[in-house]
Amino acid sequence: MQIPLNKIMMAAEGGGKEMNEIKTQFTTREGVYKLLTHSEYSRPNRVPFNSQGSNPVKVSFVNVNDQSGNGDRICFNVGRELYFYIYKGVRKAADLSKPIDKRIYKGTQPTCHDFNPITATAESVSLLVGFSAGQVQLIDPIKKETSKLFNEERLIDKSRVTCVRWVPGSESLFLVAHSSGSMYLYNVENTCGTTAPHYQLLKQGENYAVHTCKSKSARNPLLRWTVGEGALNEFAFSPDGKFLASASQDGFLRVFGFDAAELHGTMKSYFGGLLCVCWSPDGRYIVAGGEDDLVTVWSFSDCRVIARGHGHKSWVSVVAFDHCTTSVEDGDPPAEFSGSDEEFHEQIHFGAGRDRANSAHSRLSKRNSTDSRPVSVTYRFGSVGQDTQLCLWDLTEDILFPHLPLSRTRTHTNVMSATSPPATGQTTATNTTTTTTTLTTTAATAAVLATNPGGATVKDNTSASSNPPNSLPSALPRSNSLPHSSNPTGGSTPNSHTGSNSSPTTNAAFATLSLHESRKERHEKDHKRNHSMGHISSKSSDKLNQLSSTRTAKAEAAKTLGTTLCPRMEDVPLLEPLVCKKIAHERLTVLIFLEDCLVTACQEGFVCTWARPGKVGLLSSQNNPGNSPSGTVV
């Protein structure tokens with residue numbers, strides 16, 4: 001039977017409504033990642049959840065260090081329900097009929113959760129759960145106990161909890177962010193009081209303030225942070241726990257010294273709100289994603305954007321570094337990191353985990369701080385979005401060190417695959433040419449870059465770095481170039497924010513981007529990509545209207561565009577994804593990297609496990625997915 005050419009084209013481009021193909025495996029230079037259908041976690045009935053109007057599905061992991069060798073535990077929320085299972089990963093099939101704990105809430109929905117890795121044992125775990133009505137609950141799903149409820153009367157904050165995290169290294173302190181734009185520091189030992197708290201100003205800076213709670217006796221919250229305008233969508237602690245990065249609906253990434261409550265630096269999205277943020281394993285780089293469909297890489301030491309990545313066709317909901325694939329030397333085994341950014345914090349508080357993390361941390365820092373060129377540097381990170389696509393990215397030395405010799409023509413390298421043969425159909429460093437274009441910086445541009453109109457607070461010591469904060473590389477390499485057919489585009493998605501009059505975007509539009517285009521041509525292309533400040537999408541506009549009028553938002557954005565806060569698209573290197581695959585029917589809300597797999601989840605309530613190359617084991621090689629769900633321990 002002959003297949004029409006247009007059907008083939010749609011399949012090659014990611015499919016349309018007729019060819020809505022979901023990928024079950026993808027290939028990188030290190031090998032093939034495979035979806036393990038037997039390791040899918042969901043509600044016990046496996047029925048897709050009707051996600052309309054619901055809060056995002058989130059997943060948390062913890063290792064309880066039991067003697068069985070199967071110490072991983074997983075928690076995830078679906079609608080009003082919260083589940084807690086033993087996570088068997090690539091080893092055994094998931095048994096959904098036996099959750100350790102299951103809770104159904106009335107009148108409110110769980111929105112986020114976090115385990116305390118320090119206090120976790122096989123007999124007890126401390127799990128914080130944030131809710132849509134503003135409360136925070138501390139539960140023990142192993143003992144099936146509910147120990148405390150914080151902000152019960154909603155006297156502290158009435159808005160939705162957007163992010164909750166234990167403070168790294170602490171058994172009792174945790175931080176909670178709300179859609180009001182405030183963050184609160186709690187102590188599990190303190191009560192919340194029966195009256196609304198009174199605050200006293202502790203520290204104030206550019207678009208943020210920190211208050212202490214005035215009280216004769218110890219009570220929660222200990223501190224209140226008010227950050228930016230609009231919702232504070234996510235925050236993340238640095239690997240050493242000393243700094244805090246926040247992503248806000250006003251489009252700003254803000255990085256604070258946590259204990260001193262001082263602003264270290266800021267960055268502005270290309271447009272719209274920032275939705276997610278994560279740190280590199282060594283704490284040198286931060287990646288943020290949001291409503292501009294981009295992933296943005298920000299240097300902690302230089303306090304500036306060093307690269308952007310374009311591959312998503314809708315909002316980016318999660319970014320995460322892959323600690324296992326990040327490395328700094330040719331021939332080195334993978335750095336012994338496992339887990340997501342949250343899991344990294346967990347590992348550094350266990351004995352062996354701390355040694356491994358600190359060893360890799362110091363190796364990365366030492367390697368990157370030397371004046372000589374590193375042998376090879378590769379940071380791997382991933383992103384998932386409302387376009388139902390998973391993207392993997394490599395941040396390589398040609399982007400990180402553009403001022404060093406050979407960097408303008410050096411292609412990306414993956415230090416993990418020095419001895420691995422390239423997979424069929426994959427583009428490798430031997431046949432990939434990194435396109436570079438020289439940017440002629442005019443005196444006017446230099447004058448703009450020499451100032452900081454956004455008023456960002458930057459520490460003085462950043463000027464001591466090898467790259468001045470306001471400098472731009474003279475050459476803008478394009479990294480991770482792949483054939484465009486491997487980056488599927490086209491086809492509307494249920495949650496895409498692209499307007500009905502917009503053209504489908506392709507990576508080809510970026511591949512042909514010239515830095516010497518006329519302003520009009522560039523504006524037209526930006527409009528097609530939904531990246532024009534004058535053409536903010538309807539969904540993004542709606543959210544910005546909650547802060548101020550659209551006209552004011554555009555004016556504010558125009559002030560930062562072209563500065564170090566928000567460089568123009570042509571002023572920073574543009575990354576293209578190594579992998580860009582549609583892996584779900586509904587928008588993706590979770591991406592976590594573990595030692596032998598990566599975990600994704602979509603709004604339908606399905607938590608999927610993708611085995612790393614060589615980690616599938618006996619289970620998939622001996623049993624077809626359709627056969628018995630039982631498996632063999634590898």
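This is a predicted model: local features need pLDDT of at least 70, side-chain atom pairs count only at pLDDT 80 or more; totals for chains, interfaces and linings use all residues.
Which residues does Tyr41 touch, not counting residues up to four places away in sequence?

View 1. Leaving aside residues up to four places away in sequence, Tyr41 touches Ile74, Phe76, Tyr85, Ile86, Tyr87, Lys88, Gly89, Ala94, Leu96, Gly605, Phe606 and Val607.

**View 2. The largest nonpolar core, with 24 residues.** Tyr41, Val59, Ile74 and Phe76 are the residues with the most contacts inside this core. Two or more residues are given to this core by each of β2 (31–41), β3 (59–63), β4 (72–78), β5 (81–86), β32 (588–593), β33 (597–602) and β34 (607–611). In soluble globular proteins, nonpolar side chains tend to be buried together.

**View 3. An open sheet of four strands.** The strands follow the order β25-β26-β27-β31 and pair in the antiparallel sense, with β25 (316–321) and β31 (579–582) at the edges, where each pairs on one side only. From one strand to the next, the twist averages 15°. The antiparallel pairing of β25 with β26 (residues 378–385) runs over five bridges, and Val316 has Gly385 of β26 as its bridge partner.

**View 4. Ser159 in the loop between β10 (145–150) and β11 (161–166).** Ser159 counts as buried because its relative accessible area is 15%, which lies under the 20% cut-off. The side chain of Ser159 reaches the backbone nitrogen of Ser180 at 3.1 Å. Not counting residues up to four places away in sequence, Ser159 touches Ser132, Ala133, Gly134, His178, Ser179 and Ser180.

Terms used: Residues are numbered from 1 along each chain as its sequence is written. Side-chain values use heavy atoms; hydrogens and water are left out. Two strands pair if DSSP finds at least two bridges between them. Axes are lines fitted to C-alpha atoms, for helices over the stretch in contact, and angles run from 0 to 180 degrees between N-to-C directions. A nonpolar core is a set of buried Ala, Val, Leu, Ile, Met, Phe, Trp, Tyr and Cys residues joined through side-chain atoms within 4.5 Å. Buried means under 20% relative accessible area, exposed over 50%, partly exposed in between (1.4 Å probe, protein chains only). Contact means heavy atoms within 4.5 Å. A polar contact is a pair of N or O atoms within 3.5 Å; within protein, one must be able to donate a hydrogen and the other to accept it, and residues adjacent in sequence count only if both atoms are side-chain atoms.
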